[in-house]
Amino acid sequence: MFQTRHSVRLAGVATLAAAAMLLAGCAASGGSSSGDSGSKNYAITFLPKNLGNAYFDTSDAGGKKAIAEFKGTYAEVGPATAAPDAQVSYINTLTQKQVGAIVLSADDQKAPCSAINQAQKAGVKVVTFDSDTAVGCRDLFINQATADGIAKVEVDMISEQIGDSGEIAILSAAANATNQNAWIDIMKKELAADHPNIKLDDVVYGNDDDQTSFDKTAALLQTYPNLKGIISPTTVGIAAAARYISTSAYKGKVAVTGLGTPNQMKAYVKDGTVKEFALWNPGDLGYLAAYAAKALIDGTITGKEGDSFKAGTLGTFKVGADGTVLLGDPFKYNASNIDQFNF
Amino acid sequence: MTTTTPPTTGSAANAASGARNYPGYGRPFWQRLLLRREAAIIGLLVVVIVVASATVPHFAAPITYNFLLLDMAPVLLISLPMTLIIITGEIDLSVASAMGLSSSVIGLLTQAHWPFPAAAGVALVVGAVGGAVNGLLVTRVGLPSLAVTIGTLALYRGVAQGLLGTTAVTSFPAFWTDLATSTIPGTLIPSVTIVIAVLAIVFGVLLHFTPFGRGIYAIGLSPDAAVFSGVKIQRTKFILFVLAGLVSALAGIFYTLRFGSARGDNATGLELSVVAAVLLGGVSIFGGRGALPGVLAGALVIGVLASALRLAGITSDVINVITGTLLVLSVILTSFLAWLQRTRLSAGRKRRVTNGPASS
Amino acid sequence: MNSLKRLTRARETGILLAFLLVVIATTVKNPSFVFSQDGFRDLLVTPMLVLLIAVGEAMVIITRNVDLSVGSVIGLTAYTAGTLFKYTDIPWLLVALIAIAGGAALGAVNGLLISIAKVPSLVITLGTLYAFRGINVLWTGSNRINSTDIPNDFQMIGTAQLLYIPVITIIAAVVLIAAAWYLRNTRGGREFYAIGSDPDAANLYGLKVGRRVLLAFIVSGALAGLAGVLYVARYGTVDSQAGSGFELQAVGAAVIGGVAIFGGIGSVWGAAIGAMLLLTINRALPVLGIQDFWQQAVVGALIIAAIVLDRILALRQARRLTVMEDSQA
């Protein structure tokens, strides 16, 4: 009897030991993140909407390049899926680790705000890029392009490709996506004002999920047999829509345009499914965001309107209204230039 | 899935249901206490905290526990009624969807300029009604709760998303959002801990110290025997589902306020964390066995591990592997312990027989 | 009872009618839903991945178990197949076999834990749902397989047709018919039902309960592996979240198709039609003018309606039987 009780305890001890070792092992591999180059804390961590997204891989690589230039410590953490609350615990954790700055693409306008406030109180600078939070709650927002500029370039492209008349639809990201909704609103106004012959049939949501976007494209084409074009203002959506159309009878008949990355779209531009699409350079965006974080850490800027800072090879940038820094105009990719890009 | 009731290991379940398992009482009280599943999981919690504090930089700071409790509050809250439901041998998978529904309702009413307390009140009612629908389908119509709540999991989430559509409502009064993230004055413990503690005591007393609670164990161990001993099975289960809906709505209100954002997709997938916490805490999925302290410790183990791993710089959701493995290990360990006890029992009986019948 | 009467009484017939109703209503509103090349193809192709795992899920549920890990198995096998395509030149047929075998192995992990350790399947597969997905996330990180990494001839399977029938549909149909035949006509298949109706009695009767349950989980895992391969062919892109959430669709399809969650009742036909109905409704709602956001609510209502209907039919049957007994007495 004694022996059996002994082994019960052994089993318990073994489980505990296993759990402890697991933790210790992870801790050892974690390492310290508070880089000390000079007296400034240039530990800058990128927190994208989710990991496993080619767009953020490119933008964060741009950030890494910039941080290497000024000898800071780069890190990237993030949730596996872009749930509204998913980033909060990561922001909390980074606050505890006392990083110099967090560069964030927000999953929700409001949800991360109280965590960001706590981070700022602890001296951590917070820069948003790609997708902003509410204006008051971060130090700076690096805007890839103005909403007006993006909406206009997309409307211009589709009207050019379908001859300025006919039915179109929009395949967006998540129904709550801050960016996309703002752009879609402006696109609707732009269409109503300048393109009376183009009719917007529907806006559907692919949730930035490849499979959902693919299925939604199929549904759109069936629901609206007279469809002449699809605008997808998200990199996941445009690739999925192009892939569906490239193997269907709609190829060459239904135009696809929007925002995409050259590597994902190369095949479809070459096979004629897609004529032209637009995007800013995400690498430049991450690069600029990292330099903005550095300027905040240095104290050379505070994020108020009129501040200016130097961003490595990109030149000098000025802080605009509402603590926003603008990267520039979107760039159009087509068969003539797409081979020059690799991201 | 419910017919094979596993042998129970001298836990509170037996104590409450008439203590058939005498061998469990053959040892001194302190030994019985130490060998229980709850003790093992609480021990695991202590070890994990000690190891994390010693090896993970920044973990030992008090602010860790503030974040941790805020993160785990919804799981801790919902695990209370979930424990009672699972002890009766049922399950409720719709809790996270009920949270989303509650969040949507508050958002919608706030948008319509309702005062916040009134909106929260309506959300609680909606939660209770949702729970009652589950309860009615299970008790009146006689459907298996697994199937019913998979259905309402989709239904409530769909209604939540349908109600708010593309909008995320963020215009909540600062007083309430501040309250959700506030701390008990003078400490770093979040105020919501008080709510959790009060509800834990209420549910603990209900489960462990009232006839209603003994009825819950009786239903899980043997529904027929429960009927004969006068337990109102249908009424008990119905009340538990309503409570689960109510507490889920409360968790939904807290979640909405903490993040200041009401969305239809809030808290998607949280039901799995709740069920994992409850099972990890030593509650048997077959019903009839388990206790609340173990469940609370189970939820905290998940939370502590998640927070320690994030601090250790693990970039993505490794915590899933650990939660899953712990869950599997914990049930296998239960089976293993039960098997050990059986072999020990039969060995003991044999010895007694050879010693001569007079001694028994 | 003659076969026509049996056919009209069958639970599967009701679901099939509901499915046809959805298709007809949608087609009336918009003829291209069926009568266009792409419409017809999507009608047949879209539900196939869920159909495959629903067949496996039905076999598991019939033995009074449940497999919640199928979505995570799809994720792991799809990424395995994608990685093999990206970094090796193994012929695609071999890649497919490796992925299916991998799925079967993951299913065997579930089955062994359940039948040897005698632990409830709900708990084990909930655990492996987390664990398999976590391993996937660890392995994949922020990588993804893009459609340019996949050989073209394999990707063609995702859209290719044979005599107007998509290849994916033919594969799924073969699997479905084989599973249905096994469950209906073989001794082993009937034992699935015996075990699900009363595990203790099956055990006393001398049936090898553990072995059958293990087999059910291996089949479920292998079919999830097959679905993983087809996922790569159809969607071309695989990240760490591929297949997440499929487990609820599979269980939902089986339940809608009349497979009783407590085992012993139902058929893989029902589960398959359930999958067709579930996914076709998803595509039909926008055509019928119902906003995207309500889709999930409709699916939930459908599941509830199906199980309530089953219950009512069962009660009526029981009453009719007692009446017959009374009149004979």
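The largest nonpolar core of this predicted model has 332 residues, and Val103(A), Ala54(C) and Val55(C) are those with the most contacts inside it. A nonpolar core here is a set of buried Ala, Val, Leu, Ile, Met, Phe, Trp, Tyr and Cys residues joined through C-beta atoms within 7 Å. Buried means that 20 or more other C-beta atoms lie within 10 Å of a residue's own, the C-beta atoms being placed from the backbone. Helix 12 (residues 209–235) of chain C gives the most to this core, with 18 residues. Helices (H or I, at least four residues) and strands (E, at least two) are DSSP runs, numbered from the N terminus.

Ala54(C) deserves a look of its own. Leaving out residues up to four places away in sequence, Ala54(C) touches Ala250(C), Ala253(C), Ala254(C), Ala271(C), Ala272(C), Gly274(C) and Ala275(C). Contact means C-beta atoms, placed from the backbone, within 7 Å.

Now to the helix pairs. Two packed helices are described by the angle between their axes and the distance between the axes. Axes are lines fitted to C-alpha atoms, for helices over the stretch in contact, with angles from 0 to 180 degrees between N-to-C directions.

| Helix pair | Axes come within | Crossing angle |
|---|---|---|
| Helix 4 (residues 48–62) of chain C and helix 12 of chain C | 8 Å | roughly 175° |
| Helix 7 (residues 210–223) of chain A and helix 14 of chain C | 9 Å | roughly 45° |

Helix 4 and helix 12 of chain C are therefore roughly antiparallel to each other. Among the residues making their contact are Leu49(C), Leu52(C) and Val55(C) of helix 4 of chain C, and Phe217(C), Leu223(C) and Tyr231(C) of helix 12 of chain C. By class, this contact divides into 16 nonpolar, two polar and one charged residues. Ala, Val, Leu, Ile, Met, Phe, Trp, Tyr, Cys and Pro count as nonpolar, Asp, Glu, Lys and Arg as charged, and the others, Gly among them, as polar.

Helix 7 of chain A passes helix 14 of chain C in a right-handed crossing, in which the near helix is turned clockwise from the far one by less than a right angle. Ala219(A), Gln222(A) and Thr223(A) of helix 7 of chain A meet Arg283(C), Pro286(C) and Val287(C) of helix 14 of chain C. Three nonpolar, two polar and one charged residues make up this contact.

Over the whole interface between the two chains, 29 residues come from chain C and 25 residues from chain A. On the chain C side, helix 3 of chain C gives the most, with four residues. That side divides into six nonpolar, 17 polar and six charged residues.

Chain B meets chain C too, with 42 residues from chain B and 43 residues from chain C. Helix 7 of chain B supplies the largest share of the chain B side, 14 residues. The residues of that side are 25 nonpolar, 15 polar and two charged. Chain B itself has 15 helices and zero strands, and 60% of its 360 residues count as buried.

Helix 3 (residues 88–96) of chain A is mostly covered, with eight of its nine residues buried. Those buried residues pack against elements of chains A and B, including strand 1 (43–47) of chain A and helix 12 (233–259) of chain B. Just after helix 3 of chain A, Gln98(A) takes a positive phi of about 55°.

Residues are numbered from 1 along each chain as its sequence is written, while chains are lettered from A and ligands numbered from 1 in the order in which they are written. As this is a predicted model, local features need pLDDT of at least 70 and side-chain atom pairs count only at pLDDT 80 or more, whereas totals for chains, interfaces and linings use all residues.

Methods: A residue is buried if 20 or more other C-beta atoms lie within 10 Å of its own, exposed if 12 or fewer, and partly exposed in between; C-beta atoms are placed from the backbone. Angles under 35 degrees count as roughly parallel, over 145 as roughly antiparallel, 65 to 115 as roughly perpendicular and the rest as oblique.
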